[in-house]
Amino acid sequence: MPELRRILAPYLQENSLPEGEVFYAVSLAGLEALAAEQDGGLKQAMLECLEQGIWPERFRANRGELSAQDQARLLNSSVAVMGCGGLGGLACLLLARLGVGELLLVDGDSFEESNLNRQMLATPETLGRPKAQVAAQAAASLNPACHARGEVAWIGPDNLPALVQGCQVAVDCLDNLTARYHLEDACRAAGLPLVHGALAGMEGMVMVIPPQGPGLRDLHGPTPPPKDHGAEVLLGTPTPTPAAVASLQVSEAMKLLLGRKGLGPGQLLHLDLAAPALEILTLG
Amino acid sequence: MSLLVKLSTTLRRQVPGYNPNTGLDLEFVPGESAQGLIHRLGLDPARIKIIMVNGRSAALDQELNDGDRVGLFPPVGGG
């Protein structure tokens, strides 16, 4: 600890809170100095600081809602984001900013012009490039302590078991119910909670599916409805909706990682941006 | 004697003048099931995947009570 203080001293900032409490924050330069001194990585340096209650500047605004222990727990967490389009593109950026240490980003598709209305990672520069690869680069560049792996692949029963292995939470950011059913099956088999999110027009749904508990079959029946039955075919996926749904998904994923109470089994969060209204419905 | 009916996404387009803030204030018909209500609204039951009565999922044959809040949802899978 004195050693840590010695290295960090030039980079520490003391902060006073209204209640007289004091906390310290350390800049990126300080973390890099610590990492260099210890031949370790940035993430390791962040973890050591958090252990002493010293906040990396990049996370200091998480402080208050999160404890240093919570932040360290997120850095030691691993999340799979399945689909890197409208929902997944934002979910991946938010999870990297939140400080999740490991991200697996999976999508077989490449960006096209019609994605530009809503997909945060679709820019004129990324058109034609694989979404998963762009997502991994974006996450790593946003937060160099985040280890982001992009997997350019279409998910299915064959590759899902290997993909979800080692993750603590999966986030369902897919765009069709057949793939979503496959993902739910793989997560159940791996004992992994899944944060489902879907949308059509100005409405969205979010559900946390525990390994044993109500899921998509309780919502849509034993077999996935055909893709052309989805309301999104008629109503599209306009700009504000995926961002709102992805944000709710990341919030539920964060609570799962921190062991906090969130949406319960069988609870369906229905977001209606048209009204606007947010309601919790119960399955079963 | 009324039902409050809320429609989701595409179903809203099938009822002219539907207001997402207020939903539909419909007359309660004693003995009517969720399916009967769907029929009365002229909606295709094959396209409705989720029926909520007072915030809980319900089957097509569930009988409705005076004052019930009914929500009808088609499948939603976009991302």
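Colleague: How many helices and strands does chain A have?

Modeller: In this predicted model, chain A has eleven helices and eleven strands.

Colleague: What about chain B, how many helices and strands there?

Modeller: Chain B has two helices and five strands. Starting at the N terminus, the order of elements in chain B is β-α-β-α-β-β-β.

Colleague: How does the radius of gyration of chain B sit with the globule rule?

Modeller: Chain B has a radius of gyration of 12 Å, and the globule rule gives 12 Å for 79 residues, so chain B is as compact as a globular protein of that length. Its C-alpha trace spans about 40 × 25 × 20 Å along the principal axes.

Colleague: And what is the radius of gyration of chain A?

Modeller: The value for chain A is 20 Å, which agrees with the figure near 19 Å that a compact globule of 284 residues would have. Along the principal axes, the C-alpha atoms of chain A fill a box of roughly 65 × 40 × 35 Å.

Colleague: Which domains does chain A have in the assignment?

Modeller: The assignment gives domain 1, residues 2–63, and domain 2, residues 77–282. Taken over C-alpha atoms, the centres of domain 1 and domain 2 of chain A are separated by 32 Å.

Colleague: How many residues are in contact between those two domains of chain A?

Modeller: Six residues of domain 1 of chain A are in contact with nine residues of domain 2 of chain A. Between them the two domains bury about 560 Å², with 54% of it on carbon and sulfur atoms.

Colleague: Which three residues supply more of the area on the domain 1 side than any other three?

Modeller: Those are A:Lys43, A:Arg58 and A:Phe59, which supply 67% of the area that domain 1 of chain A buries against domain 2 of chain A. By class, the residues on the side of domain 1 that touches domain 2 are three nonpolar, one polar and two charged.

Colleague: How many salt bridges are there between domain 1 and domain 2 of chain A?

Modeller: The count is zero salt bridges. There are two residue pairs in polar contact between domain 1 and domain 2 of chain A.

Colleague: Switching to the two chains. How much area is buried between chain A and chain B?

Modeller: About 2400 Å² is buried between chain A and chain B, and carbon and sulfur atoms give 57% of that. The contact takes 36 residues from chain A and 22 residues from chain B.

Colleague: Why quote an area for an interface?

Modeller: The size of an interface is often given as the accessible area lost when the parts come together.

Colleague: How many salt bridges across the interface of chain A and chain B?

Modeller: Three salt bridges are found across the interface of chain A and chain B. One of them joins B:Arg12 and A:Glu203, with the closest N and O atoms 3.4 Å apart. The interface also has 16 residue pairs in polar contact.

Colleague: Which elements give two or more residues to the side of chain A that touches chain B?

Modeller: Among them are helix 5 (86–98), helix 8 (177–190), strand 8 (194–200) and strand 9 (203–209) of chain A. Strand 10 (267–272) and strand 11 (277–282) of chain A are also included. By class, that side of chain A has 18 nonpolar, ten polar and eight charged residues.

Colleague: And over all chains, how many salt bridges?

Modeller: A search of the whole structure finds 17 salt bridges. Including one within chain A: the side chains of A:Arg6 and A:Glu3 meet at 2.8 Å, N to O. Both A:Arg6 and A:Glu3 lie in helix 1 (residues 2–8) of chain A, three residues apart, about one turn of the helix.

Colleague: Backbone next. Where is the cis peptide bond?

Modeller: The cis peptide bond joins A:Ala275 and A:Pro276, with omega about -5°. A:Pro276 lies in the loop between strand 10 and strand 11 of chain A.

Colleague: What is phi of A:Asp39, positive or negative?

Modeller: Phi of A:Asp39 is positive, near 55°, in a residue other than glycine. A:Asp39 is in the loop between helix 2 (28–38) and helix 3 (42–51) of chain A.

Terms used. Residues are numbered from 1 along each chain as its sequence is written. Chains are lettered from A and ligands numbered from 1 in the order in which they are written. This is a predicted model: local features need pLDDT of at least 70, side-chain atom pairs count only at pLDDT 80 or more; totals for chains, interfaces and linings use all residues. Side-chain values use heavy atoms; hydrogens and water are left out. Domain bounds come from an automatic or database domain assignment. Contact means heavy atoms within 4.5 Å. Buried area is the accessible area (1.4 Å probe) that two parts lose on being put together, summed over both. A salt bridge is a side-chain nitrogen of Lys or Arg within 4 Å of a carboxyl oxygen of Asp or Glu. A polar contact is a pair of N or O atoms within 3.5 Å; within protein, one must be able to donate a hydrogen and the other to accept it, and residues adjacent in sequence count only if both atoms are side-chain atoms. Ala, Val, Leu, Ile, Met, Phe, Trp, Tyr, Cys and Pro count as nonpolar, Asp, Glu, Lys and Arg as charged, and the others, Gly among them, as polar. Helices (H or I, at least four residues) and strands (E, at least two) are DSSP runs, numbered from the N terminus. The radius of gyration is taken over C-alpha atoms; the globule rule is 2.2 Å times the number of residues to the power 0.38.
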